[in-house]
Amino acid sequence: MFGCIMSWDFTTIGETDFYTNGYTDSATHVLIINENDASNIPSFLITVLDEQMDKVGYVTSKHALTQPHRVLDDECPMWPILRHGNTLFVVINSPPTVSSQLGAQRNEWLFNYPPARDIAMFFKDYEHLGVLTTFALNRLFNDKRAQDLGDSCVRIDANDLGTEDVPHTLQPIWAWLSPQIHALLSEEGESSIFIMPSEETNNEKGGIEVKPALFDEMVKLLREHGFDLPEGVAKEAQDTYIGMSSEAMMRIQELMSQVEFDDGNKSVGGMYQ
């Protein structure tokens, strides 16, 4: 789609390296998607985009959680930059992680702040920088004050952070820091946080059913703010999401049924011992 360029450009901003092939310069919009978000919904959208777009750059940092050893026919382990029309998609697929222990959250800022800051600095002259996230952490921590968030997609202007004009929602560092810094550095550009409702299910008599995600609504909202996404991307993301989620739910129900069967058979006689 973008042809072939003999050599790529290399730029270091702060503690982060950017390798670009020249086709990033003419873009105007940047959307950051963290595949390790508290919800998997944003990753389904980027999975579809990855199949339809060319990679026009890579981002990496000493802070990225990248395996030093690589199977050579696997894809490049650096964070890819994809492009469609006027829009670049920066995919954070291995954010810095020091420990999964609950007492280690203090390290999130230490290792994630540099690349999140540097990405905002690299794209500070672009017209619009946004991130795509969900309300998943509110549900995870059962935050009662967040129950008025509703079930629609929303856009938050990063200039409004810290005011009463934004919803009360807990967001991870990759969902707010880059737009916040971009808003501070950009003279005329827009800086946004796009938030989708997280996964929801229906508990029917026949089992658990996954509700469709609001991909159509979010794609429409992104387009309203100038982001360019391929036609049909919302439907493909929805089909993939429902298919994979339904398979996972079926497996969970099978395992739960097996546990119930095993528990019920513990006291029914020697043939089950």
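Visitor: Let me start with one side chain. Does Lys62 count as buried or exposed?

Guide: Over 50% relative accessible area means exposed. Lys62 reaches 68%, so Lys62 counts as exposed. Keep in mind that this is a predicted model.

Visitor: Which residue forms a salt bridge with Lys62?

Guide: General idea first. Side chains of opposite charge can pair when their charged atoms come close. Here the partner of Lys62 is Glu15, and the closest N and O atoms are 3.6 Å apart. Glu15 counts as partly exposed because its relative accessibility is 31%.

Visitor: Where in the chain do Lys62 and Glu15 lie?

Guide: Lys62 sits in the loop between strand 4 and strand 5. Glu15 sits in the loop between strand 1 and strand 2. The two are 47 residues apart, and the pair links distant parts of the chain.

Visitor: Which residues are linked with Glu15 and Lys62 in a network of salt bridges?

Guide: Arg117 and Asp118 are linked with them in that network. The side chains of Arg117 and Asp118 meet at 2.7 Å, N to O. Now check burial, where the cut-off is under 20%. Asp118 has 0% relative accessibility, so Asp118 counts as buried. Arg117, at 18%, counts as buried too.

Visitor: How many salt bridges does the structure hold?

Guide: Nine. Another one of them joins Arg155 and Glu190, with the closest N and O atoms 3.4 Å apart. Arg155 is in strand 8 (residues 154-157) and Glu190 is in strand 9, so this pair ties together parts 35 residues apart in sequence. Arg155 is partly exposed at 24%. Glu190 is partly exposed at 36%.

Visitor: On to the nonpolar side chains. Which residues of the largest nonpolar core touch the most other members?

Guide: The general idea: in soluble globular proteins, nonpolar side chains tend to be buried together. In this model the largest nonpolar core has 30 residues. Val30, Ile32, Leu88, Val90, Ile119, Phe123 and Trp174 touch the most other members.

Visitor: Which elements supply at least two residues of this core?

Guide: Among them are strand 3 (29-34), strand 4 (54-61), strand 6 (87-92), helix 2 (106-122) and helix 4 (177-185). Helix 2 gives the largest share, four residues.

Visitor: What does Val30 touch?

Guide: Leave out residues up to four places away in sequence. Then Val30 touches Leu88, Val90, Phe123, Tyr126, His128, Leu129, Gly130 and Phe227. There is also a second, separate core of 29 residues, which includes Met53, Leu132, Met218 and Val219.

Visitor: Which residues form a nonpolar patch on the surface?

Guide: Met121, Leu184 and Leu185. Together they have about 290 Å² of accessible area. Leu184 is found in helix 4. Its relative accessible area is 67%, so Leu184 is exposed.

Visitor: Next, the rings. How are Trp8 and Tyr58 arranged as an aromatic pair?

Guide: Planes under 30 degrees apart count as stacked. The planes of Trp8 and Tyr58 are 15° apart, and the pair is stacked, with 5.9 Å centre to centre. Trp8 is in the segment before strand 1 (9-13) and Tyr58 is in strand 4, so the pair ties together parts 50 residues apart in sequence. Trp8 is partly exposed at 36%. Tyr58 is buried at 16%.

Visitor: At what angle do the planes of Phe123 and Tyr126 meet?

Guide: At 85°, so that pair is edge-to-face, and the ring centres are 5.1 Å apart. Both Phe123 and Tyr126 are buried.

Visitor: Is Thr24 buried or exposed?

Guide: Buried, with a relative accessible area of 0%. Thr24 lies in the loop between strand 2 (16-20) and strand 3. Thr24 touches Val56, Arg83, Leu88 and Tyr126, again not counting residues up to four places away in sequence.

Visitor: Now the whole chain. How many helices and strands does the chain have?

Guide: Six helices and eleven strands. Of the 273 residues, 44% count as buried. Take the contacts with a separation of 6 or more: 74% of them join residues 24 or more positions apart. The chain exposes about 15,200 Å², and carbon and sulfur atoms supply 51% of that area.

Key: Residues numbered from 1 in each chain as written. Predicted model: local features only at pLDDT ≥ 70, side-chain atom pairs only at ≥ 80, totals over all residues. Heavy atoms only, no water. Core = buried A, V, L, I, M, F, W, Y, C linked by side-chain atoms within 4.5 Å. Buried < 20%, exposed > 50% of the residue type's maximum accessible area, 1.4 Å probe, protein only. Contact = heavy atoms within 4.5 Å. Patch = residues over 30% accessible without salt bridge, like charges linked within 9 Å, V, L, I, M, F, W, Y side chains within 5 Å. Areas by Shrake-Rupley, 256 points an atom, 1.4 Å probe, with all protein chains shown as cover. Salt bridge = Lys/Arg side-chain N within 4 Å of Asp/Glu carboxyl O. Phe/Tyr/Trp six-rings, centres within 6.5 Å; stacked < 30°, edge-to-face > 60°.
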